[in-house]
Amino acid sequence: MRFNLGFFLGEALKNLRLNVLMSITAVTTTFICILVFGLGLLVSAHIQSIIGSVREDVSVEAFMPDATSQEVDDLANKVETWPEVASVTTVSEEQAFAEFKDQFEDQPDLYQDLDQGVFPASVQIQLEDPDSANAVAGRLKQQGFTESNLSYPQQTIDRLNAVTSYVIWGLYGATLLFLIASVLLISNAIRLSIFARRKEIEVMKLVGASDGFVRTPFVFEGLLQAFVGASLAAFAVIWINLLFVDLSHDALPYVPISTSAVNPFSTLILLIAVGVGIGVFGSFLSVTRFLKKI
Amino acid sequence: MIRFDNVTKVYGNDTVALERVNLGIDSGEFVFLVGASGSGKSTIVRLILKEMEPSAGAIYVNGTKLSSVPRRRIPRLRRDIGCVFQDFKLLPNKTAAENVAYAMEVTGQKRRTIGTKVPQILDLVGLSGKMDKFPDMLSGGEQQRVSIARAFVSQPPILVADEPTGNLDPTTSVGIMQLLHRINRIGTTVVVATHDREMVDVMRKRVVALEEGRVVRDKVKGAYADEV
């Protein structure tokens, strides 16, 4: 039998027009499901990106409280000979205090009661390769440094992970639940529209329509509804991403959040594909189940 | 063309609709199935369409044993049997022409064939002026004509009608019966289940009378009731 695409698409469009309310229900359901799914992806992408940019950090700091400037220089000279190290600078107590004052210029109450000695002198080490940060930190520990006297990226990553791993797993779990829920919701919406038209389907079968012939317009219908809902949701997600990055730049200037964490094009494609997939799968499933009954 | 061998149909556990029915209908025949409500007329029609399976016995349509037709082959089987129902069973969202065209579309016929055939057949049933009307804009008799046009458009060898005049007034019924008669004259086997006594008596065709699921009379050129 010829596959008459024009006929099936025409039937699907006509059905959409005749069942506007049902279509709106299905489109809205898809919209909400894909929106939540997309927001989940968004948050986890940003967290991954922040962890990634911390990992790219090539600096290790060794703090030396109560050390003489001679001791600081000695360490700097020694560290400079290590192969992983690109450059070393020393920061004295005075410089550290000055830097702090610089950073919080507009909040003088933060530092006006502090003594200069609060900020320890330190050696700032720049590495060639971020992957060697742990090795360098390990070697510094052999020199008598403790974990609390060092600052290197892995510490930040560990601290970030301690917080975000729960968030990410929670997010993955919620996303999965939402996907399952959306398959159920969408196939339920389609089941309702099929049930409303069960008489029609029975008549189609009586005049000799095969299951495939009855099913195809419904699947097209599900596809179109899901496409509209998912597209709207995908564009909303992209828009929310831009908005969120803008806002966070103002609110959290030190957190390396960037729009590049999310590729708008592939996110659009992914979200629309997932939505359409659910729509097609849901409608196929529910029509097939109904057809088996008659 | 159609053969029932010792067919019994029991609904549920104890409602006997047909009891050991033997019936043979030859190609080109016009047969009335008559009897009161619940006598088993509709059951015979539904069994011919393989809408359900008999509890016992065998049914042959067009030389095919129905019990050996798998579920996915049923659509093909039904394309060889035009069917007409008391409640017309038209698709409400399609116009008269689209309803007729649908029966051709399911068999995958070419758009151009459909475009020429549909107006012809609607003209034949006397509805050439109402092609673009939706079913709810047509009278009962007109709707039944559309459904006959749909049943006949692919020129199936068999046409079954379950109470085709059940919802129609006597004058309209005559028109419908004449239409069925014309379809029969060009070689189609026609089976009509009815309790329209007048119609059966006027037509003088073969009459198979059913009573509580049993064939009680089978007479060529018969009447609705026994003639004394």
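## A partly exposed arginine in chain B

B:Arg204 is partly exposed, its relative accessible area being 37%. In this predicted model, B:Arg204 occupies the loop that runs between helix 7 (197-203) and strand 9 (206-211) of chain B. Although B:Arg204 is not a glycine, its phi is positive, at about 55°.

B:Lys221 also has a positive phi, near 50°, and is likewise a residue other than glycine. B:Lys221 belongs to the segment after strand 10 (214-219) of chain B. With a relative accessibility of 60%, B:Lys221 counts as exposed, because the threshold for that class is over 50%.

## Overall form of chain B

Chain B contains seven helices and ten strands. Its radius of gyration is 17 Å, close to the 17 Å that the globule rule gives for 228 residues, so chain B is as compact as a globular protein of that length. Taken along the principal axes, the box filled by the C-alpha atoms of chain B is roughly 45 × 45 × 30 Å.

Of the 228 residues in chain B, 52% are buried. Among the contacts of chain B with a separation of 6 or more, 68% involve residues 24 or more positions apart. The accessible surface of chain B is about 10400 Å², and carbon and sulfur atoms account for 46% of that surface.

B:Asn99 is part of helix 3 (residues 96-105) of chain B. Its relative accessible area is 0%, so B:Asn99 is buried. When residues up to four places away in sequence are not counted, B:Asn99 touches B:Leu90, B:Leu91, B:Lys94, B:Pro135, B:Val146 and B:Arg150.

B:Leu127 is located in the loop between helix 4 (111-124) and helix 5 (140-152) of chain B. B:Leu127 is buried as well, because its relative accessible area is 4% and the class covers values under 20%. Apart from neighbours within four places in sequence, the residues in contact with B:Leu127 are B:Leu122, B:Glu142, B:Arg145 and B:Val146. In sequence, B:Leu127 and B:Ala149 are separated by 22 residues, while their C-alpha atoms are 9.6 Å apart in space.

## Overall form of chain A

Chain A has nine helices and four strands. Along the sequence, these elements follow the pattern α-α-β-α-β-α-β-α-β-α-α-α-α. The radius of gyration of chain A is 30 Å, whereas a compact globule of 294 residues would have a value near 19 Å. The C-alpha atoms of chain A fill a box of roughly 100 × 40 × 30 Å along the principal axes.

Buried residues make up 43% of the 294 residues of chain A. Of the contacts in chain A between residues at least 6 apart in sequence, 82% join residues at least 24 apart. The accessible surface of chain A amounts to about 15900 Å², with 63% of it belonging to carbon and sulfur atoms.

A:Ile186 lies in helix 6 (residues 153-196) of chain A. Its relative accessibility is 4%, so A:Ile186 counts as buried. Setting aside residues up to four places away in sequence, A:Ile186 touches A:Thr29, A:Thr30, A:Ile278 and A:Gly279. A:Ile186 and A:Val36 are 150 residues apart in sequence, and the distance between their C-alpha atoms is 15 Å.

## The crossing of helices 7 and 8 in chain A

Helix 7 (residues 198-206) and helix 8 (residues 211-251) of chain A have axes that come within 9 Å and cross at roughly 145°. This crossing of helix 7 and helix 8 of chain A is right-handed. Helix 7 of chain A contributes A:Ile201, A:Met204 and A:Lys205 to the contact, and helix 8 of chain A contributes A:Asp211, A:Val214 and A:Phe218. Classified by type, the contact between helix 7 and helix 8 of chain A comprises four nonpolar residues, two charged residues and no polar ones.

Key
Residues numbered from 1 in each chain as written. Chains lettered and ligands numbered in written order. Predicted model: local features only at pLDDT ≥ 70, side-chain atom pairs only at ≥ 80, totals over all residues. Heavy atoms only, no water. Axes fitted to C-alpha atoms, helices over the stretch in contact; angles between N-to-C directions. Helix = DSSP H or I, 4+ residues; strand = E, 2+ residues; numbered from the N terminus. Left-handed = near helix turned anticlockwise from the far one by under 90°. Contact = heavy atoms within 4.5 Å. Nonpolar A, V, L, I, M, F, W, Y, C, P; charged D, E, K, R; others polar. Rg over C-alpha atoms; globule rule 2.2 N^0.38 Å. Buried < 20%, exposed > 50% of the residue type's maximum accessible area, 1.4 Å probe, protein only. Areas by Shrake-Rupley, 256 points an atom, 1.4 Å probe, with all protein chains shown as cover.
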